[in-house]
Amino acid sequence: MRGVSRRQSQVKKSHDDEVDLLEIGRALLQGKWVIFASFLLFFSTFIFYSLSLPNLYRSSALVTPADAADTGGLSGLAGQLGGLATIAGINLSSGGSNNSAEAIEVLQSWAFIEEFIEEQGIETQVFAVKEWDPVNDELIFDLDIYNSDSEVWTRKPPKGGDSKPSSWELYDKFISEYMSIEEDALTGFTTISIEYYSPELSKVWVDELVKKINDRFKKSNADTAERNLTYLRAQAAETKFASMQKVFYDLIEEQIKTHMLAMGSNEYVFKTVREARVSEVKSNPKRSLIVSLGAILGLIFGAILSLFLFMDRSPRLRNK
C-alpha cells in the first residue's frame, strides 16, 4: 500500500508540474501584447540611446622592448666587469627588457601623463570634448564645460575647486577613458592604444606617447653615463696601479658606448613593430550589441510582467 501511495504521489506531482507549465505558457500567450509592448519600448529606447553615443576611434602601436642584444655586445662586457663596477658605484645596465617594464609603469604614472598633457597643450581636448564632426573635421566641445569661442572654462566648479580641471582630473580622465596598455606575456609585445573622438588625434597621441617615453629613458641613461664617465676618469687619474687603471679604462669604454647608443637611438626603450594608423572605422560604441541587449531585456521584462499579471488572476499559481 505504501508503494502504491508513493506512485500516486509522484503521478500527482508530475501532473501538477504539467499543469503549472501549461498555465505559465497560457499566461505568456495571454500577455503577448504586454511582452510586445515591453520589447518595443526597450528596443526603441536602446536604439535612441545608442545613437546618442559619440563615435570613438582607436589607434594602436605595437612595440617590443629594445633588446639588450642590440647594444652591440655590451652585455658581455657588463657581465665581466659587473662586480668591479658595483664596487666602484657604477651601474652598467644597458636597458632592454628591464627598462621596458619600468617604462610601462612610467607611461601610466600621474607625473608622466600630466607632463604629456601640458607639453601637447591638450587640456581642453582631454576634458571638454563631447564628439567629433567628421564633415568639418573639428571637435565639438561641451558648452557646459568649456566655451571654445571665448576660450573660457564654463563648468560649475567642484566644491572648493576651480572651473578649470585639476591635474588629477585630467590624468584620471585620460588614463581611464582614452589610453590603454596591454602586455602579451607570451610574445613580449606591448600594445599602446588611444581611443578618442578624432581618429587623427588618436594616432598623434599614440605616436607622441611612444616618442616621449623613449626620449625620457634615452636622456636619463645618457645623463647617467655622463656622470659615470666623470667619476671614472677622476678615479683613473688618481690610481697608481696599472691593473686598476685598466679596469677603469674598460669601464670608461663601456660608459662611452652606452652614451653613444643612447644619443644615437630614437627607439631606446621601445622598438615599434607596428606603427599606429588613422582608423577609418569606429571602435565604439557597438550599437548593434546595445540594441540586441535592449531587445532581450524587453522580452524578459515583458514575460515577467505577464506572469505577475496572470498570477493575480490564477489562484492555482498564486497559492504555489
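A: Ile181 stands opposite Ile192, a residue of strand 7. The model is predicted, so local features need pLDDT of at least 70 and side-chain atom pairs count only at pLDDT 80 or more, while totals for chains, interfaces and linings use all residues. Residues are numbered from 1 along each chain as its sequence is written, and side-chain values use heavy atoms, with hydrogens and water left out.

Strands here are DSSP runs of E with at least two residues, helices are runs of H or I with at least four, and both are numbered from the N terminus. Two strands pair if DSSP finds at least two bridges between them. Strand 6 and strand 7 (residues 190-196) are joined by five bridges in the antiparallel sense.

These two strands belong to an open sheet of four, ordered 6-7-1-8, with antiparallel pairing. Its edges are strand 6 (179-183) and strand 8 (270-274), each of which pairs on one side only. On average, neighbouring strands of the sheet are turned by 30° against each other, direction ignored. Axes are lines fitted to C-alpha atoms, for helices over the stretch in contact, and angles run from 0 to 180 degrees between N-to-C directions.

Helix 7 (residues 167-178) lies across strand 6 and strand 7, at about 105° to strand 7. Helix 8 (residues 199-238) lies across strand 1 (57-65), strand 6, strand 7 and strand 8, and runs at about 140° to strand 7.

Terms used:
Contact = heavy atoms within 4.5 Å.
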